[in-house]
Amino acid sequence: MQNNKSPRRHFLFSSIAAAVTGLVARATRAASTTEPMTTHMRQGNPPTPPLDTMLLFERGDESNGNPITHEVLSLIHQEKGKNSYPWTIFSSLETHHEIGDGCVHCARLHKFGPGWAVGLHSEVYTHARGVALGANIEMTNDYVGSDEQTVIGLNIQAVAGPTPMQHGIQIHDSGAKGAHFQTAIHLKGMSTTGIDLSGKFGTGIHLHNNPLKLSEGTPIQLDDAGKIQIRYKNGKIEFLNDGKIFFHLDTSAADHTA
């Protein structure tokens, strides 16, 4: 059989192959000059808990120099669009487990020194109108079964330890101009109970030097059934039993000894 590949054609094919090989080699050498992306990056020798993770960054330092922060991962995000929905970090978990724990985000802090430390920190600098929130929790419940369930927006749990902790929730207000809250805790909604103190406390509510204020006509209930009440209405302090007034004091009357 006659060979159709002439020496000239063979030389042309060899030249093209050599050129392509050279380009690939140069591209490989250029790519090798950058830091490769790996699933495990480590600096120092920090203690690492057992983790079944796909991507792990570790950093162990002993820094005593300039007072600067030391990050393991930093994300910088800026959005200047007027009609936009910027989300710097999005985490989503779908789970069907029946035994175990499900957690979208876990923050664990081991504090061994006297310095200020926090498990989760949020800073908000408000420069425009509208709503600004340090943390937002949105809850939805579409379970329609008959089994008992508990859905809680925020759960703060004191776990076992030799020393009690001081405050479950603290609203810190310096009182300086612009550095305080007009209302420390604001409850809005149509709940059955606003605050339920079902635990065992030495003092249920300690107001110190702060007054207790009610709108006119709002009663104070003195029994679980809510039948025995005291209220102020139309210039009178009224005592009620099951909605019926059985005694009242006229606040416009002259002072007298009971």
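Predicted model: local features only at pLDDT ≥ 70, side-chain atom pairs only at ≥ 80, totals over all residues.
I looked up the second largest pocket and found about 1,300 Å³ of space in it. Its lining has 21 residues, and I noted the ones closest to the centre: Ile195, Leu197, Gly204, Ile205 and Leu207. I then sorted the lining of this pocket by residue class, which gave eight nonpolar, 11 polar and two charged residues.

I went to tryptophan 87 and phenylalanine 90 to begin with. Their ring centres lie 5.8 Å apart with the planes at 35°, so I wrote this pair down as tilted; a stacked pair would need planes under 30 degrees apart.

Are these two residues buried or exposed? Tryptophan 87 has 60% relative accessibility, so it goes down as exposed. Phenylalanine 90 comes to 59%, so it counts as exposed too. The cut-off I used for exposed is over 50%.

Next I checked phenylalanine 239 and phenylalanine 246. They form a tilted aromatic pair, with 6.4 Å from centre to centre and 55° between the planes. Here I got two accessibility classes: phenylalanine 239 is partly exposed at 22% relative accessible area, whereas phenylalanine 246 is exposed at 54%. Buried would mean under 20%.

Terms used: Residues numbered from 1 in each chain as written. Heavy atoms only, no water. 1 Å grid on protein atoms, 1.4 Å probe; cavity = no way out; pocket = protein on both sides within 12 Å on 5 of 7 lines; lining within 4 Å. Points joined across faces, edges and corners; volume = space filled by probe spheres on them. Nonpolar A, V, L, I, M, F, W, Y, C, P; charged D, E, K, R; others polar. Phe/Tyr/Trp six-rings, centres within 6.5 Å; stacked < 30°, edge-to-face > 60°. Buried < 20%, exposed > 50% of the residue type's maximum accessible area, 1.4 Å probe, protein only.
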